[in-house]
Amino acid sequence: MEETYIEGGELYEHHRITIDPKQELLRLDKFLMDKLPNVTRNKVQDGIKEGFIKVNSEIVKPNYKVRPGDEVVVELPEPPNVTDIEPEDIPLNIVFEDDHILVVNKEPGMVVHPAYQNWSGTLVNALTFHFQNLPTMPNNDGRPGLVHRIDKDTSGLLVIAKTELAMTSLARQFFDHSIERTYYALVWGEPTEEKGTIDVNLGRSLKDRRITAPFPEGDFGRNAVTHYEVLRNMRYVSLIKCNLETGRTHQIRAHLKYIGHPLFNDATYGGDRVLKGTTFTKYKQFVDNCFKIIPRQALHAKSLGFVHPATNEFVQFDSELPEDFRSVIEKWENYVNTVD
């Protein structure tokens, strides 16, 4: 499902199973399907690939065969039974609304749903105040209306389901990768190709569980595809457009770092320092001033296109870049014109 990101990177133990001494050798995914309620084999396999499921504290593959005495631990991003949502009167920037869907333009800094260290002030807290009886996806309690998410410090568009019909239709479209999603990103450097596709598996880093890492050999993680196009080249930084074919945790951020162009001021992926340009103090001060203008990763979910659940017509929504994003682009353009 689209952008199943982790806000704080914390994992919480949900299940701990010690394998019975009489247990015969059995694939881990099959073993867990029998032990855990209401899970599919695909969901178990995805959990293993994402590193949510470990055997004897080690990451293994789905075809690992459990043995007597093995200890299997299932950890997930949210604490168990986080379902109570406190409605909060937080204004929403509504781009479109009808009886079935709601399209909102999320401000940077707003967490999408309650989670570790962010139990209030989230988009879901606001939604439960302004709307009653929003549907919830199966096994996704505590996130009414949500069919996808974006990071706390990423701004831009999200579609919310107001009915069960909308929830089912939108979830299917995200699963089928048929929803059109366009992001604008300010990155360090100048991509050598004006257009390109990044097709590299992504999964939780084996060294730091808070971040997403590339696995170009395809041995871990899940398939992830990002198409990009350079819109504006400003020598030291570039404005690019990204279209998501898949929606993995931190997909754009991890993919762009992988090709050597981290998002501007993305502290998690190394973009919060000078990566292109001179070593002169004056230039460093200029970059620091830019960081202050946009104190977050420079990423905006600009447009969404999908088939309307009720009318079956294709609809598309667009949003303006937020002020901090526009201001930092203008500052770079002025700088480049000055030094030319």
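Tutor: What follows is a conversation about this model, which is a predicted one.

Student: Let's start with strand 15, then: is it mostly covered or mostly exposed?

Tutor: Strand 15 is mostly covered, with six of its eight residues buried.

Student: How many bridges join it to strand 10, and in what sense do the two run?

Tutor: Strand 10 and strand 15 run antiparallel and are joined by seven bridges, and within that pairing Ala185 has Ile240 of strand 15 as its bridge partner.

Student: And over how many bridges does strand 14 pair with strand 15?

Tutor: Strand 14 pairs with strand 15 over eight bridges, again in the antiparallel sense, and here Lys241 in strand 15 stands opposite Glu229. These two strands form a hairpin with two residues between them, where Arg235 takes a positive phi near 65°.

Student: Changing topic, where does Gln297 lie, and is it buried or exposed?

Tutor: Gln297 lies in the loop between helix 6 and strand 16; because its relative accessible area is 5%, and the cut-off for buried is under 20%, Gln297 counts as buried.

Student: What does its side chain make a polar contact with?

Tutor: The side chain of Gln297 makes a polar contact with the side chain of Thr154, at 3.2 Å. Leaving aside residues up to four places away in sequence, Gln297 also touches several others, including Asp151, Arg253, Phe264 and Asp266.

Student: Back to backbone angles: what is the phi of Asn133, and where is that residue?

Tutor: Asn133 has a phi near 60°, a positive value in a residue other than glycine, and its place is in the loop between helix 3 and strand 9. Asn133 counts as exposed because its relative accessibility is 72%, where the cut-off is over 50%.

Student: What about Asn312, buried or exposed?

Tutor: Asn312 counts as exposed, at 60% relative accessibility; it sits in the loop between strand 16 and strand 17, and its phi is positive, near 65°.

Note on methods. Residues are numbered from 1 along each chain as its sequence is written. This is a predicted model: local features need pLDDT of at least 70, side-chain atom pairs count only at pLDDT 80 or more; totals for chains, interfaces and linings use all residues. Side-chain values use heavy atoms; hydrogens and water are left out. Helices (H or I, at least four residues) and strands (E, at least two) are DSSP runs, numbered from the N terminus. Buried means under 20% relative accessible area, exposed over 50%, partly exposed in between (1.4 Å probe, protein chains only). A polar contact is a pair of N or O atoms within 3.5 Å; within protein, one must be able to donate a hydrogen and the other to accept it, and residues adjacent in sequence count only if both atoms are side-chain atoms. Contact means heavy atoms within 4.5 Å. Two strands pair if DSSP finds at least two bridges between them.
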